[in-house]
Every structure is written in C-alpha cells, then in structure tokens.
Amino acid sequence: MSPLTIYKDNYSDATVISNCFIDEYMKDANDAQLKIYFYLIRMMSANLPTSISDIADKFNLTERDVIRALKYWEEKKLLLLDYNENNHVSGIHIQDLDKMPRGEIVSLPRKMVQDPARSEKPAANVKDSEKKALEKPKYTPSQLRALKDDDVFSEIIFVAEQYLEKTLSTSEINSIVFFYDTLGFSQELIDYLIEYCVGHGHKSMHYIEKVAMNWAEEGVATVRQAKLRSNKYDKLVYGVMKALGKNSAPTQTEADFITRWNKEYGFDKELILAACEKAVLAVDKNRFQYTDGILNKWLKAGVHNKTQAAAFDQSFKQSKAVSAKTSGQFQDFKQNTYDYASLEQEILSN
C-alpha cells in the first residue's frame, strides 16, 4: 500500500501525550489502538512517513487490525481519515485535543463508501468495568448474500464451515457477521475463536457466541490475547464444567475456583473430579461452592489421592453416626409397655 501522509493540523507539542487523552480516552482503548495512536504521534512529530502495512508489521498485526484501530480513533474524533479513489486510507489528520470538549464522544461521518450489508457501528470495545449488552443485528438474506461477496468474509465462512463440518445456516452466518461487524473481530480472531471452541468439543454457534461475548467483554482484540486468556481454561477447566453439569463457557468466578483447587490447594484433576461427583449427588445448586467445601476439608485433613479421600469420608461418616447416637442416647432406653384395659379393670374392681 502507498505511504500515508500524516497532517499536523495545528497539533501543539505532539510528542507529549495530553492529559485529556489519558483522562478521557486511554481507559477505553485496547492495546492495539493505543500502540497505533502513540506511534502515529511519534511519526508525525518526526515528520516520518509510514503506511498501513508498515504499522501492521511493526506491531505484529494484520492490516485489517490497523484499519479498525484507525476507524476507532476516527469515531472518537481524535483522527480524521482521508481516502483515495479506491477507498483506501491515504491520509491521517491528528486532531488537537485541547480544542475538544471533554467527555464528549461524537461519531464522525465516514468519507469511505461502505458496503450496504455492513453495519455502520464502530468495532466494539467492551470492558469488564462497563459490560453492556451488544445487540446482535438481524440481517436480511439479501444483505447476507451481498456480504458473502466480500472476499475476506467469504473466507471466514469457508473456514468456519471446515471446522464445523457443515454448511452454515442463515442464523449461523448472522452470528459470524455479529463477530465480524459488531464485535469488530478480525478474520484471524474469528478463525481462532471457532478453532478454540471446536477444539474443546463445542460446535454449537450459541456456545461460540457466548465465548465471543466473553472475549469482547474482557477486551480481547487479537489472537495472541485470546491465546493468553485460553491458557487459563485448559482441559481441567472444561472437565470440571462437564462434571458439574455446566454446558456454558466458564465465568471468571468459576475459573478462579478451579485455579484455586489446582494451584493453591494442589489437587490433581482426578481428585477434583471426585469432589465434583460428590457435589452433583448432594446438591442441584451452588455446586462450585459445595465442591470447594469438600476440597477444603480434604486439604485440612491432608488428603492427596482418592484412596485417602475415601478413607477420610468413611471416617467422617462414622464420626457423624457416633455423634448422632450419643445425642439420642435417652431415646435408646426400653420403654415399658402396659395393658391399659387390664389396668382399668383392676382399678374398677378395687
């Protein structure tokens, strides 16, 4: 791609990041968006040229990731983008933050002509601190057909069908559009999302949507971030979820429980699953808390394997039985039995 022209547009002292940016904008941006914004200011201050491909190479991103980040800052009114006759970004105007009203985020009209099948919403940037539901738009069949003419999106659909081993329904394609258009996931991130879910035995698009929403809420924007996150959700996590009758993606609280059992308590998968089985037999709700109680007792008793756990449980049952017998000892005396009819006759005869 051709070099970009970055215009200063009266931006004062551009080598310094303004307090306005730190106070109002930095907290909501992801790593890629911040890196690209800082890099643009650096290049502008040195009057050095750059390009979409150069930025992508420098930060190990895709060109689509760079474009999405630029559009994100354009939506925040920190940049204005110029486009050439082929609708490629040709120039970037970095705005003067000192002249912008604080706390006010205004969407700017795009100079780029967009495909009518694409939503005009900016890529989602949902944080844990402000989890707001993103409504999945409903696209008409004609809009979906038009979107499938997009080479990138067509490739996403093709890869998804290979992983899921079937032709996607209209509803499933609509979900892919949701990841791509509303959540702002890149092609690489969507590919990894589906690969990740299928690899854990889940081909349901409803399940894949839940994982995608979890990622969006946690600010996952790249494959690398997704992989770092997924390290916490290994086979142990999904084994526990299945053992406790959970079919959904693990929440952070549930993952924290499992991490505690394995890392802090030091229990292996076999012993954790044994505790899960006991919890399922005992309760229908709050199974994570019940399992935690079992494992906590085993931890205090020095239990390290299933044999020791069985011995401890047996000892515990016997202890309870003895306690119950002791507390009910006055009920164990033999009760005298009387023939009340004979007693009545005896009394009347006297």
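Me: Two strands pair if DSSP finds at least two bridges between them. With that in mind, which strands form a hairpin here?

Reply: In this predicted model, β2 and β3 make the hairpin, with five residues between them. Asn87 sits in that turn and has a positive phi of about 60°.

Me: Nice. Do β2 and β3 run parallel or antiparallel, and over how many bridges?

Reply: Antiparallel, over five bridges, with β2 covering residues 79–83.

Me: Which residue of β3 stands opposite Leu79?

Reply: That's Ile94. Further along, Leu81 has Ile92 as its bridge partner in β3.

Me: And why is β3 described as largely enclosed?

Reply: Burial is what counts here: five of the six residues of β3 (residues 89–94) are buried, so the rest of the structure largely encloses this strand. β2 is also largely enclosed, because four of its five residues are buried.

Me: Let's zoom out. How many helices and strands does the protein have?

Reply: The secondary structure comes to 16 helices and three strands. The protein has 350 residues, and 42% of them count as buried.

Me: What share of the contacts between residues at least 6 apart in sequence joins residues at least 24 apart?

Reply: 67% of them.

Me: Back to helices. At what angle do α2 and α4 pack?

Reply: About 75°, with the axes 9 Å apart; α2 spans residues 31–45 and α4 spans residues 63–75. Angles of 65 to 115 degrees count as roughly perpendicular, which means α2 is roughly perpendicular to α4.

Me: Which residues meet there?

Reply: From α2 you have Gln33, Leu34, Ile36, Tyr37 and Leu40, and from α4 Val66, Ala69, Leu70, Tyr72 and Trp73. Nine residues of this contact are nonpolar, one is polar and none is charged.

Me: On to the largest nonpolar core. Which residues touch the most other members?

Reply: Ile176, Phe179, Phe185, Trp215 and Trp298, out of 57 residues in that core. Helices that each supply at least two of its residues include α7 (170–182), α9 (205–217) and α14 (287–300). Apart from this core lies another, of 31 residues, with Phe21, Leu34, Ala56 and Leu78 among them.

Me: Leaving aside neighbours within four places in sequence, what is Phe185 in contact with?

Reply: Arg68, Phe179, Tyr180, Ile190, Leu193, Ala212, Trp215, Ala216 and Val220.

How values were computed
Residues are numbered from 1 along each chain as its sequence is written. This is a predicted model: local features need pLDDT of at least 70, side-chain atom pairs count only at pLDDT 80 or more; totals for chains, interfaces and linings use all residues. Side-chain values use heavy atoms; hydrogens and water are left out. Axes are lines fitted to C-alpha atoms, for helices over the stretch in contact, and angles run from 0 to 180 degrees between N-to-C directions. Angles under 35 degrees count as roughly parallel, over 145 as roughly antiparallel, 65 to 115 as roughly perpendicular and the rest as oblique. Contact means heavy atoms within 4.5 Å. Ala, Val, Leu, Ile, Met, Phe, Trp, Tyr, Cys and Pro count as nonpolar, Asp, Glu, Lys and Arg as charged, and the others, Gly among them, as polar. Buried means under 20% relative accessible area, exposed over 50%, partly exposed in between (1.4 Å probe, protein chains only). A nonpolar core is a set of buried Ala, Val, Leu, Ile, Met, Phe, Trp, Tyr and Cys residues joined through side-chain atoms within 4.5 Å.
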